[in-house]
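Please open the model in your viewer and keep the sequence panel beside it.

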Amino acid sequence: MNEFVEQFLIESRELVGQAIDDLLALEENPSDRERLDSAFRAFHTLKGAAGIVDFAAMARTLHAAEDILAAIRSSEDLIATNVLEECLACLDLTSRWLDEMQTSGEAPTNAGSEADDMIARLVGAPDADERENTPLPGNEGWLERAREVAGQHFDGPRTAVRYVPDPEAFLQGSDPMAIVAALPQLLKIEIALTNSAVSLDSMDTFSCGIEIIALLGAPAVDVRAALTSVPGRTEIHELSPLIVTQAENDFQSKAISLLEAQLLLLRGAGVGGIPSHVASAGRTAVNALVVLGKSEPAKNVERATARAQAEHSAIPLIKAIEQALAVGGPNNREEQDASSQIQAPRALRVDMNRIDALVKLTGELVVLKNAIGHAARLSSENKESALSATLREQHTLFDRLATELQAAVLRIRVLPLRTVFRRFPRLVREISGTVGKTVRLVTEGEGTEADTAIVDALFEPLLHILRNAVDHGIESPERRAAAGKPAMGTVILRGRRDADSVVIEVEDDGGGIDLTRVRSIAAERGIAELAVLEAMTDNEAADLIFAPGFSTAAAVTDLSGRGIGMNAVRTAVERLGGRVEVQTQSGAGTTIALYMPFSLMVTRVMTVEVAGQVFGLLSIPS
Amino acid sequence: MTDVVKKRILIVDDAALVRTYYRSALEERGFEVEEALNGLEGLEKILLRAFDLVIVDINMPQMDGITFLRILRAKELPVSALPVLVTSTEAGPQDMATARSAGANHYLVKPIKQDALADYAAIFCGLRR
């Protein structure tokens, strides 16, 4: 990286100079938008430069300043004097770092804590939670080291903790190690003497002379909760990834991610497909497939690109790329060898049909196993004791192995709900934007697993339910205010496992379903007689929204009032062997729950014995 | 790389350091590299010469990367099909969605390691490592 440091220093100094000029000009004339843009860009470019030379502390600091300028830029507000001062202070600090870097050739070692202080200044006074974070004396740069351990890319929360127990801890009857052991999600721990110079002979064994630095995979709130018994002895910092997790792995997975990116581009281009999008995506996909050694799929994609262009539709190309992604492994041996030198993939892409064949064979094995069990029972009835005992014994073993095999095979087809859930936050944001509501989508239990076929088929029904929740469930901001609710509506998308079912719930905190209206609409549309409707319980009435030909939209919006309604949802769910339930409470919200089978490959059978013969009755979803 | 004709890549970024950083990564892998300082200059360059890939920043003076993409993709010319890799410090899903709907073939968040960038460039051009 050294080769860039020199240029980094030159360019960064120029940028700092530029930013200072701009900020001073803004002080004279706060309404000068051009100067504001220029200052913003200087901070932005500085941040990018810091990233290139791996100067994380500088990048973080400038990022905080950039955020503030970006907020002002996108509002009509004038830049406040104190903000100008903080930004200038940030540039002062940056120049000082650049000076130190000039002499040493490396990023200054104490930059981490200086960055933390500066960011705290920029973001504002620390809140109550952070107050205990007044740095404890000694061990400078521990946080920066913890950040290094955590790395720049990680999923989920990371919290760094420094805990210096009271020297009198032992005498007070508190046990620092027990406290540490109770910390949530411990990833790494370092224990050091507070005074490493002390010799073993002169050490006071009754005083606690250690400090503990730990990296945890839990949010700061949880960590703080675990450390309430030792106030003033801890520093707690939740780390944020400097950049989003990105596939930095091997060459092949980059090629696959590039293919997937083309799908995203094409799907976003609409049904017609923008010609230049189709052409560029086709070209990129062909090249990525060539790199992957998939010459046959590459040719298919090339043909599909031509077809997509001729038909003015992105669909042939989307299909061809999806197919290419689904087909496992490189094409021939020679190519396989070449690519295995690049790096062996940790996951295997296997054609779905092959897995289904495996599932089917396993199913037959399980049936056969049951037949042997039956034979074992018969033979014991016939008192062929020696043989029957062996048979029963072997059957028990066979039973266990076959059941395990079946479970293992079914797990191949399993995907976490995350794969479908992660598409919704953006869509919900878009939908709520178009109807002028602010809605927060919370997802829970996205790690819950379900059969691939079910996970894939859930997207449409869930999208429909979420649309309904945002469009009809969540009230307008005015009505929410009148009802004393926060302006921002909340929709929870939750997955959980319930015995053999996977339950997916969409819960909103809206106004609930207007059951009086539901009854009158049902009567109007001839779904049921008025007398029947009036006799219905509220739950039964709510269920009417799933009836064919029902639509509650008071105004047909371009979002959900398409006349298909919730009936389509129920049909789709039942086709997969699931059922759907609704619970609603006036003024408090609605929950729609989909109960899906965990696997499509296991069928429940009712057995009946008639005249000594056993029959199995399948329950086939209508 | 044994190709007789080198693959040509255009870097569009207002930050000189970023351009140098990308250039050194790409030249090391045998690519021919040209630079442009903003979207407008980028458009001029791609009309003058044929490129295999454009790597473009979003936030630039005069013409940003999104506008560059929209103008490039608006036409039905051969040059409109040019693969474009967007690199930006913006990591928000909205930024990525905007770039994609403007026609970006991929989006990488800065800072990007030199190796990773060169890998992607190679894949874009159909070259094995």
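Predicted model: local features only at pLDDT ≥ 70, side-chain atom pairs only at ≥ 80, totals over all residues.

Residues are numbered from 1 along each chain as its sequence is written, chains are lettered from A and ligands numbered from 1 in the order in which they are written, and side-chain values use heavy atoms, with hydrogens and water left out.

Begin with Asp54(A), which sits in the loop between helix 2 (33-52) and helix 3 (56-74) of chain A. Its relative accessibility is 40%, so Asp54(A) counts as partly exposed (buried means under 20% relative accessible area, exposed over 50%, and partly exposed in between, with a 1.4 Å probe and protein chains only).

Next, select the four strands of an open sheet in chain A, whose order is 2-3-1-4 and whose pairing is antiparallel; two strands pair if DSSP finds at least two bridges between them. Strand 2 (186-193) and strand 4 (234-239) of chain A are the edge strands, each pairing on one side only. Strand 1 (residues 158-163) and strand 4 of chain A are joined in the antiparallel sense over six bridges, and Tyr163(A) has Thr234(A) as its bridge partner in strand 4 of chain A. Helix 6 (residues 142-150) of chain A lies across strand 1, strand 2, strand 3 (210-216) and strand 4 of chain A, and runs at about 40° to strand 4 of chain A. Axes are lines fitted to C-alpha atoms, for helices over the stretch in contact, with angles from 0 to 180 degrees between N-to-C directions, and contact means heavy atoms within 4.5 Å.

Now move to helix 11 (residues 295-311) of chain A, where Pro297(A), Ala298(A), Val301(A), Ala304(A), Thr305(A) and Ala308(A) are buried. Seen down the axis of helix 11 of chain A, these buried residues fall within an arc of 120°, so they line one face of the helix; the arc is that of the directions from the helix axis to the C-beta atoms. They pack against helix 10 (275-291) and helix 12 (315-326) of chain A, whereas the face turned away from the buried side of helix 11 carries the exposed residues Glu302(A), Arg303(A) and Ala310(A). After helix 11 of chain A comes His312(A), whose phi is positive, near 50°.

For the last stop, display the open sheet of five strands in chain A, ordered 6-8-9-11-10 with mixed pairing. Strand 6 (439-444) and strand 10 (579-585) of chain A stand at its edges with a single partner strand each, so one side of each has no neighbour in the sheet. Finish with Thr590(A), which is found in strand 11 (residues 589-597) of chain A and, at 9% relative accessibility, counts as buried.

Key:
Helix = DSSP H or I, 4+ residues; strand = E, 2+ residues; numbered from the N terminus.
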